[in-house]
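Trainee: I have a model open on my screen and would like to walk through it with you. Shall we take it question by question?

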Amino acid sequence: MELASGDVAIVTGGASGLGRAAATALHAAGAAVVLVDLPSSDGAATAEQLGADVRFVATDVTDPDGVAEAVAQAAELGRLRVAVNCAGVGWASRILTREGPHDLELFRTVVAVNLVGTFNVLRLAAAAIAEQDPVAGERGVIVNTASIAAFDGQVGQAAYAASKGGVAALTLPAARDLARHQIRVVTIAPGTFDTPMLAGVPDETRDALASEIPHPQRLGDPAEYGLLVRQVVEQPYLNGEVVRLDGALRMSPR
Ligand SMILES: NC(=O)c1ccc[n+]([C@@H]2O[C@H](COP(=O)([O-])OP(=O)(O)OC[C@H]3O[C@@H](n4cnc5c(N)ncnc54)[C@H](O)[C@@H]3O)[C@@H](O)[C@H]2O)c1
């Protein structure tokens, strides 16, 4: 769908990394934007930098009331057409460690943020998008963010891979459910991108990560993720699919 003046996108995790890049790309394509991120994030400053038609709602994506507030703010800006799920955490732990078995709360939290949070935004955004008038046969698009860890999870990624596998798996049933409302659902599975999630990683490790990527042999640029979000929105026949964006990377066990 071509974004028009008065169309609005909600982008979770929009204060940083891939979410910020998606918000920037959709804003450049003409959409007003509601950034959803934690109160501790740079959301307010990011919204100010992006423009007067960008708002920040400080909430956890697992909070139904907080996400409903973001949808209400979107309605004040115009017609909600797009929701992009980028909020996520990448905490890692082996299943058996010297300190004992994998912490169960850690597993629960990763699944809660990455999978339950994604579904919370998807369901509330879908309800609002379904109220819009269709344009050229569609009402809007929901873009989720999984990871190639959904398919090639590495050592220490049991929780993360399970959460992202859930996001990948819900893509087709969500697209089927929402087809009668003319809403598409597409999931992007990024490889290794140069975002603040990797900020603490030493240069040597970043070089080693990049050397495993066949072509282009470098980390992904968040702007390339933003470009794909825009392309997914604009491509009317892409639906119910998980698209890898990874330079042909297949992750090794560790
Ligand atoms: N960077 C990569 O290489 C990569 C690869 C594959 C998948 N991903 C996925 O892409 C998404 C974005 O990652 P990124 O690299 O931009 O990370 P990032 O850490 O730069 O940004 C994530 C954002 O999500 C927000 N967030 C975290 N928990 C939240 C919650 N409960 N409620 C609301 N906001 C929350 C954070 O505050 C942050 O602003 C994540 O889902 C991540 O798993 C990233």
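Mentor: Happy to. Let's start with the contacts: among those in the protein with a separation of 6 or more, 72% join residues 24 or more positions apart. Keep in mind that this is a predicted model.

Trainee: How many helices and strands are there, and what is the radius of gyration of the protein?

Mentor: The protein has 8 helices and 9 strands. For 254 residues the globule rule gives 18 Å, and the protein comes close to that, so it is as compact as a globular protein of that length. Its C-alpha trace spans about 55 × 40 × 35 Å along the principal axes. The radius of gyration itself is 18 Å.

Trainee: What percentage of the residues in the protein is buried?

Mentor: A residue counts as buried if 20 or more other C-beta atoms lie within 10 Å of its own. Of the 254 residues, the buried share is 44%.

Trainee: Which residues come nearest to the ligand?

Mentor: There are 29 residues around the ligand. Helix H1 (17–28) and helix H4 (104–129) are the elements that each give two or more residues to this shell. By type, the shell holds 12 nonpolar, 15 polar and 2 charged residues. Those that come nearest are Gly 13, Ser 16, Gly 17, Gly 88 and Thr 195.

Trainee: Where does H6 have its kink?

Mentor: Helix H6 covers residues 158–178, and its 21 residues reach 30 Å from first C-alpha to last, close to the 30 Å expected at 1.5 Å a residue. Even so, H6 has a kink of about 35°.

Trainee: Which elements do the buried residues of H6 pack against?

Mentor: Ala 159, Tyr 160, Val 167 and Leu 178 are among the buried residues of H6. The partners of the buried residues are H4, strand S7 (140–145), helix H5 (149–152), strand S8 (183–190) and strand S9 (242–245).

Trainee: Is Ala 15 buried or exposed?

Mentor: Ala 15 sits in the loop between strand S1 (7–12) and H1. Beyond its neighbours within four places in sequence, its contacts include Arg 20, Leu 35, Asp 37 and Thr 46. Because Ala 15 has 26 C-beta neighbours inside 10 Å, it counts as buried.

Trainee: How far apart in space are Asp 63 and Val 116?

Mentor: Asp 63 belongs to the loop between strand S3 (54–58) and helix H3 (64–77). With 14 C-beta neighbours inside 10 Å, it counts as partly exposed. Asp 63 and Val 116 are 53 residues apart in sequence, yet their C-alpha to C-alpha distance is 9.8 Å.

Trainee: And what separates the C-alpha atoms of Glu 99 and Leu 227?

Mentor: Glu 99 is in the loop between strand S5 (96–97) and strand S6 (100–101). It has 8 other C-beta atoms within 10 Å, so Glu 99 is exposed. Along the chain, Glu 99 and Leu 227 are 128 residues apart, and their C-alpha atoms are separated by 43 Å.

Trainee: Now the backbone: what is the phi of Ala 136?

Mentor: Most residues other than glycine have a negative phi. Ala 136, in the loop between H4 and S7, has a positive one although it is not a glycine. Ala 136 is exposed, with 8 other C-beta atoms within 10 Å. Its phi is about 50°.

Trainee: What about the phi of Gln 182?

Mentor: Gln 182 is in the loop between H6 and S8. It has 17 other C-beta atoms within 10 Å, so Gln 182 is partly exposed. Its phi is positive although Gln 182 is not a glycine, at about 60°.

Notes: Residues numbered from 1 in each chain as written. Predicted model: local features only at pLDDT ≥ 70, side-chain atom pairs only at ≥ 80, totals over all residues. Near = placed C-beta within 6 Å. Helix = DSSP H or I, 4+ residues; strand = E, 2+ residues; numbered from the N terminus. Nonpolar A, V, L, I, M, F, W, Y, C, P; charged D, E, K, R; others polar. Expected span 1.5 Å × (residues − 1). Bend = angle between axes of the 7 residues up to and from the residue. Buried ≥ 20, exposed ≤ 12 C-beta atoms within 10 Å, placed from the backbone. Contact = placed C-beta atoms within 7 Å. Rg over C-alpha atoms; globule rule 2.2 N^0.38 Å.
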